[in-house]
Amino acid sequence: MFDLIELDAGMEVIQLGITKVKNILEGLPEPKLSSAECMKLHNTVYTMCTQPPPHSYAQQLYDKHRESFEEYITSMVLPSLREKHGESMLREFVKRWSNNKMMVRLLSIFFHYLDQYFTVRTLLPSCKEVGLICFRDLVYQEMKKKVRDAVISLIDREREGEEIDRVLLKNVLDIFVELGMGYYRDDFEEAMLKDTAVYYSRKASVWVSNNSCRDYMIKAEECLKREKDRVSHYLHASSETKLLQKVRHELLSVSSVHATKLLEKMHLGSHPLLRDETAHDFMDI
């Protein structure tokens, strides 16, 4: 025979543990969770799930777990992101993603029994999945355009010669990838490739007017190298082929208006021998 844990009494114990986790994540003065505290919370959940009906509270605990993420996100995470912009917003986004994963790990210890039996039997998302789903649906869906635009802005600034925090960009884009490659492709890569086309179309328009054919091609080759370098440092590897194709199309494709002007300039202003060598270089690039 064991002592029953009533719903309200058990939820009070669990809420104290959840509040402590939130305070730790927010950097408030709070001692670390001890092994004894974790065990107490784990055992409370276990007992509340295994008590005989009508005192079995697995569904209520599962709902409590989800509501804890929803409440934390709406009261703390989203307000902190909405008030920031640009690079500071990106840093906050990375921080909040890291905190969310930490909260998932800690609460999964408390609610371990739910994932062992309840979610398996009911075919509900696991507690670990719920925490990530809440971030995706509440944080990512609201912030994705703002995050995407801030990343693309930094990429363009780097193209202009400004030094940027590449580690930050990689950490941000890794979030898109961790959520799923579809999110990376649809919510970031597509817009990034469009911006790339616009950027290099604008550059080509200036370069073709102000540079010799040979200098233009040197610039084009250097751009290709730098874009490949961006892939190695912070873009996903799957972007490389598409990104380089965009750059080549705008700068060097025979169907590009800028490349057409370059060829006209080459044939009008060059000695025949130099013209042949330059055309050969153009095709190589």
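Colleague: Before we start, what are the ground rules here?

Modeller: It's a predicted model, with local features needing pLDDT of at least 70, side-chain atom pairs counting only at pLDDT 80 or more, and totals for chains, interfaces and linings using all residues. Residues are numbered from 1 along each chain as its sequence is written, and side-chain values use heavy atoms, with hydrogens and water left out.

Colleague: OK, how many helices and strands does the protein have?

Modeller: Twelve helices and zero strands. Those are DSSP runs numbered from the N terminus (helices: H or I, at least four residues; strands: E, at least two).

Colleague: And what share of the residues is buried?

Modeller: 43% of the 285 residues. Buried means under 20% relative accessible area, exposed over 50%, and partly exposed in between, with a 1.4 Å probe and protein chains only.

Colleague: Switching to α7 and α8: at what angle do their axes cross?

Modeller: Roughly 125°, and the axes come within 4 Å; α7 is residues 166-179 and α8 is 181-210. That makes α7 oblique to α8. For the cut-offs, under 35 degrees is roughly parallel, over 145 roughly antiparallel, 65 to 115 roughly perpendicular, and the rest oblique. The axes are lines fitted to C-alpha atoms, for helices over the stretch in contact, and angles run from 0 to 180 degrees between N-to-C directions.

Colleague: Which residues meet there?

Modeller: Leu-173, Phe-176, Val-177 and Leu-179 from α7 meet Met-181, Tyr-183, Tyr-184, Asp-187 and Phe-188 from α8. Contact here is heavy atoms within 4.5 Å.

Colleague: Take Leu-173, then. Buried or exposed?

Modeller: Leu-173 has 1% relative accessibility, so it counts as buried. Leaving aside neighbours within four places in sequence, Leu-173 contacts Val-151, Tyr-184, Phe-188, Tyr-234 and Leu-235.

Colleague: How far apart are Leu-173 and Phe-188?

Modeller: 15 residues in sequence, and 8.4 Å in space, C-alpha to C-alpha.

Colleague: What else does Phe-188 touch?

Modeller: Besides Leu-173, Phe-188 touches Arg-148, Val-151, Ile-152, Ile-155, Phe-176, Tyr-183 and Leu-235, not counting residues up to four places away in sequence.

Colleague: And the largest nonpolar core, how many residues is that?

Modeller: 64, and those with the most contacts inside it are Phe-93, Phe-111, Phe-188 and Leu-235. A nonpolar core is a set of buried Ala, Val, Leu, Ile, Met, Phe, Trp, Tyr and Cys residues joined through side-chain atoms within 4.5 Å.

Colleague: Which helix gives the most to this core?

Modeller: α6, with 13 residues. Apart from this core lies another of 14 residues, including Ala-220 and Cys-223.
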